Amino acid sequence: MTDSSGNVKIIAIVCNWCSYAGADGAGTARLKQPYDFRVMRVPCTGRVDPLLALKAFEKGADGVLISGCHPGDCHYSEGNYYARRKFELLKRMLPHLGIEPERYTYTWVSASEAARWQQVVTNFVTKVGELGPRQGGAL
Amino acid sequence: MRIGVFICHCGTNIAATVDSHGLAERAAELKDVVHTEDVMYTCSEPGQAGIQRAIREKGLTRVVVAACSPQMHEVTFRRCVEDAGLNPHLFEMANIREHCSWIHDDKELATEKAYEIIKMAVAKVRTAEPLFPNEVDVNKDVLVIGGGVAGIQVALDLADAGLKVTIVERETTIGGTMARLDKTFPTIDCSACILTPRMVDAAHHENITIMAYSEVDRVQGYVGNFVVDIKRKAAMVDWNRCIGCELCVQKCPARGPDYFNAGLAETKAIYIPFPQAVPKRAAIQTDYCRWFQQGKCRVCSRVCPANAIDYDQQDTYVQRKVGAIVVATGMDVFPWEEYYPQYGGGRIPDVISGLQYERMLNASGPTGGHVHRISNHEEPKTVVFIQCVGSRDEAVGRPYCSSVCCMYTAKQAILTKSHCGDDTDVYVFYIDIRATGKGYEEFIKRAQSEFGVNYVRGRVSKLYEDNGKVMVRGMDTLLGHQVEIPADLVILATGTTSAEGAPQLAQTLNISYDEFGFFKESHPKLRPVETNTAGIFLAGACQSPKDIPTSVAQASGTASKVLGLLAKDKLKTSPEVAVVDQSRCVGCWKCIDVCPFSAPEKQELRDGTSRSHVIETVCQGCGICVATCPVNCISLKGFTTDSLIDQLEEALLG
Amino acid sequence: MSGAEIARQDRIRELARQALTEGKVDYFIGWKAGHVPSEVIPAFVRNVDECDMLLWNPLCHHNLTTFLKRKMPDPPDARIGVCVKGCDSRTLVALLQETLVDKERLYVVGVPCDGIIDRRRLEKAFSDEVIDIAFQGEQVVVTTRGGETKELAYEELLLEQCASCDFPNPRYYDDLAGELLPQPEGPPRFPGLEEYEALSAEEKDRVLADAFATCIRCFACIHVCPVCYCWDQCVNRSRRPALVGQKVAAKENLMFQMVHMFHVAGRCPSCGACDRSCPVEIPLYLLHRKMNKELFEMLGFQAGLNVEDKPVFQTFNIDDALGEQ
């Protein structure tokens, strides 16, 4: 696991009920993670407008990770079902907007999946770290 | 704006990898921050007192605590600032423990990260607005859907506590599946002896109204204030007059299928399911009635001493206003005939379901409690039970365990011995024995050792008729060889499936259900009797297959949750809900489309145009509408788009 | 102009006349000649005797359903007749799916369409002002002020999207102006993307940065879009929430377009109205046509096909098999 830091800026948008709790669990279990991501808590991935992820890129993010409850487990029963369609469209459009596909991902991490959270952020941050900072002119 | 930032050491939990003291100095330079301090244990009594002192002495209008996860102490600190006179929503937590100090080693880098986390929290608290919970009046009446043992238990518990309860039951009598059972495990006591007094209690309780032969048609409103339309199905009998004398049943010349006896017998076209029915009222199955089918007969009308028969009766609708709804609609028996052609698919007469056998064993059942073969009415000498028919079988789309079949099979095996004599050979084919309840394992052991029931581990691959016997071919996986048993009677331990119409009811109620049609609880461990729709609760087997003790225990748990809800005169609802800026709403109604809770509604303004309006007490605060609204005129209090963008900027520009 | 084209024009006039005479509509929206020969403009016909100004030819590019969108009908409860081509009809279906136009107050004349001419390309082919355009069978005869006359093949002047049109026939109409055309077979086509798609991320970024640096945020793309109806409340005009910055620069301008694109996602059939309206000729099709291509590959979804369908982001399927990790 990489301990180096400071070269990329990554935003992790996570839902309050599953992924935020999963990240808490990873902390409680002292599962080491990279430095280069900042967690932003929302009640539900259904709250996340894909434009918010685009906004993050526009503001200079080098990577955006969105994580919520597994489909079927949404605290509000349907939020992530709506969200995943939007997130998938975003995933398909971002490379078209000049942003490398590795810079964005969306996934599901439940409150009990601390190890999975560690693995998800470590993989994502490592990949974005390899690409380095973005010099986007368009977004 | 005067923001105070409190940075916790959490002993060494944070301070070992994050320089809390240094952060306190740096955070003082952030915009609008007028007070910072680092604290050994912020959540402790002196720590909280320090926050309250700073609020008073420094005139703080916003507070950030950088410490552990908000899931740990957000409530603690909100209460703390509220006690010092600040609105609890003008507070934000920066999680520098679970999300920073505990996951990093390098103190310099971790401190830098903690600083950014604090900056994001300060940015968020800057956009925070004071929020106030809404208060709504609570209607203290309760609707219970389903009058089985779980529904009856909930209703009695609530009625005893003084609440008015309406039970809506779609059959003509309450009692549910339990009323159809002969004995109950693991005590082998009589099912009716336990249940029917409870049914009578419910019927006579001053606080309980039973609406039998009725269904929930529409549900509007929200927790504390539901409006429910109930369809009262036409029984073709005026129940205000009917005295349940059964004269009509005796004289009726037409026959129809008998749901109550699981198809083991026929019933009359006008029927009362069983002698202890509550209410004991007759109803006509119009599909089988000669008057309705052929336009002649009217025997029931002639013999009825109460003049209760009304061939022109129509469905009627009544409305009930209630504060809470309990769903206790139970389960159905798996329709095994459609799925198991290898067991004859229902064409072999001496292969019957567990529930049919239950009716056969019952003294008031169609055989008067006499066990016999369906084909020739002889007493069976060899009886084979097959477990897990429609359970734990992915091939028939039922991967779950029905949770009752192991036990009822053991009970029926024991009863077979007592009905047909000790010399009857009884075999049970099983995959595993699941006997986890109190006294259950002992019960299985009794069946095996005391009653001499032969347990064979293995699945039966085929049933076929040969020479007047039902040949049972299967594998004994413990001995590793094929077995073939010529049986007189084969009983399938049929699994349970969700009640017919469960998904439709879930949609009417706006609650979730799983792929099998069982209703979903809000949280499997922490909120097992609540649904995700506030004010709607679950009890019994409608949630997942359950035996009687579990259903009743859960029902009482549900009753206590309902009482907890309705003990208050006013309900406080979370203020972190969506709110529409109606001056910007363009009326595209996408919010209404996507809301899982039906919180947004069209509201007509005085100029005749309509705008969206979110009913605060219904809104659960998920924000799906917020992400869907094209003009972004819906904002989620506590998670406004501006607060998210400000956090983004803070995290990215720093 | 081919016989079929003339027959369609006659039929449009006839149906408009009928509808107005019978009092079925308060006014009828079609196309009429513009101020210069290469231009056709929307026509709002209120009297029977005006019906003869309605015309149909390969210059009728306007998607008239944009005049049906929220707040546009004047008065709001007017009964309106409207002409739709295949592509236009899909935006109408998208509006009907959202129940944002009242089916009962609409009279829809479907016009089978052989394809619309790319007027910009045509004008650019001449250094001089075009003073006459005549359609003669498969040929387009263009005359300039300088007296130059050229015959161009109609096929070659078609808009890119028309050259590989999947919907020459309207998906929704009350009456048809002309015979239905053969329905093309095969999967939907999304032309004109290959070259851009083949670029590297860096190159794409540069293309977009250059294109969007010229955006003047005139809102033409948004106002002309039939399924974009928030008007003054458009979040692109909003400072709170500040989803789009007020600074005029490539990034903010692209964000501006992203707001439009994501808000019409699932309802936009790429009718191309925004493309044709852009005064600085930003290749908007690169975004919305691509979006529709991805939506089709993702969910097999095409916007505006059937009135009963739900727009793809206002519903979900629990079995959606998407590419999350």
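## Basis of the model

Because the model is predicted, local features are given only at pLDDT of at least 70 and side-chain atom pairs count only at pLDDT 80 or more, whereas totals for chains, interfaces and linings use all residues. Residues are numbered from 1 along each chain as its sequence is written, chains are lettered from A and ligands numbered from 1 in the order in which they are written, and side-chain values use heavy atoms, with hydrogens and water left out.

## Chain A

Chain A holds four helices and four strands, where helices (H or I, at least four residues) and strands (E, at least two) are DSSP runs numbered from the N terminus. Along the sequence these elements follow the pattern β-α-β-α-β-α-β-α.

The radius of gyration of chain A is 14 Å, which agrees with the value near 14 Å for a compact globule of 139 residues; this radius is taken over C-alpha atoms, and the globule rule is 2.2 Å times the number of residues to the power 0.38. The C-alpha trace of chain A spans about 40 × 35 × 20 Å along its principal axes.

## Domains 1 and 3 of chain C

Chain C is divided into domain 1 (3-115 + 163-176), domain 2 (117-157) and domain 3 (194-314), with bounds that come from an automatic or database domain assignment. The centres of domain 1 of chain C and domain 3 of chain C, taken over C-alpha atoms, are 25 Å apart. In the contact between these two domains (heavy atoms within 4.5 Å), 22 residues of domain 1 of chain C meet 22 residues of domain 3 of chain C. About 2000 Å² is buried between them, 58% of it on carbon and sulfur atoms, buried area being the accessible area (1.4 Å probe) that two parts lose on being put together, summed over both. On the side of domain 1 of chain C, the residues that lose the most area to domain 3 of chain C are C:Lys69, C:Arg90 and C:Gln97, together 31% of what that side buries.

One salt bridge is found across this interface, by the rule that a side-chain nitrogen of Lys or Arg lies within 4 Å of a carboxyl oxygen of Asp or Glu. The side chains of C:Arg267 and C:Glu98 form a salt bridge, at 2.9 Å from N to O.

## Chain C against chain B

The contact between chain C and chain B involves 18 residues from chain C and 16 residues from chain B. The two chains bury about 1500 Å² between them, with carbon and sulfur atoms giving 51%. Of the area that chain C buries against chain B, C:Gln233, C:Pro241 and C:Gln314 supply 34%, more than any other three residues.

Three salt bridges are counted between chain C and chain B. C:Glu98, which pairs with C:Arg267, also meets the side chain of B:Lys590 in a salt bridge (2.8 Å, N to O).

## Backbone details

C:Pro241 is joined to C:Arg240 by a cis peptide bond with omega about 5°, and C:Pro241 lies in the loop between helix H8 (220-224) and helix H9 (250-264) of chain C. In chain B, the peptide bond from B:Val278 to B:Pro279 is also cis, with omega near -5°, and B:Pro279 is placed in the loop between strand E15 (270-271) and strand E16 (283-284).

C:Thr99 is not a glycine, yet has a positive phi of about 50°; C:Thr99 is found in the loop between helix H2 (86-97) and strand E4 (106-110) of chain C.
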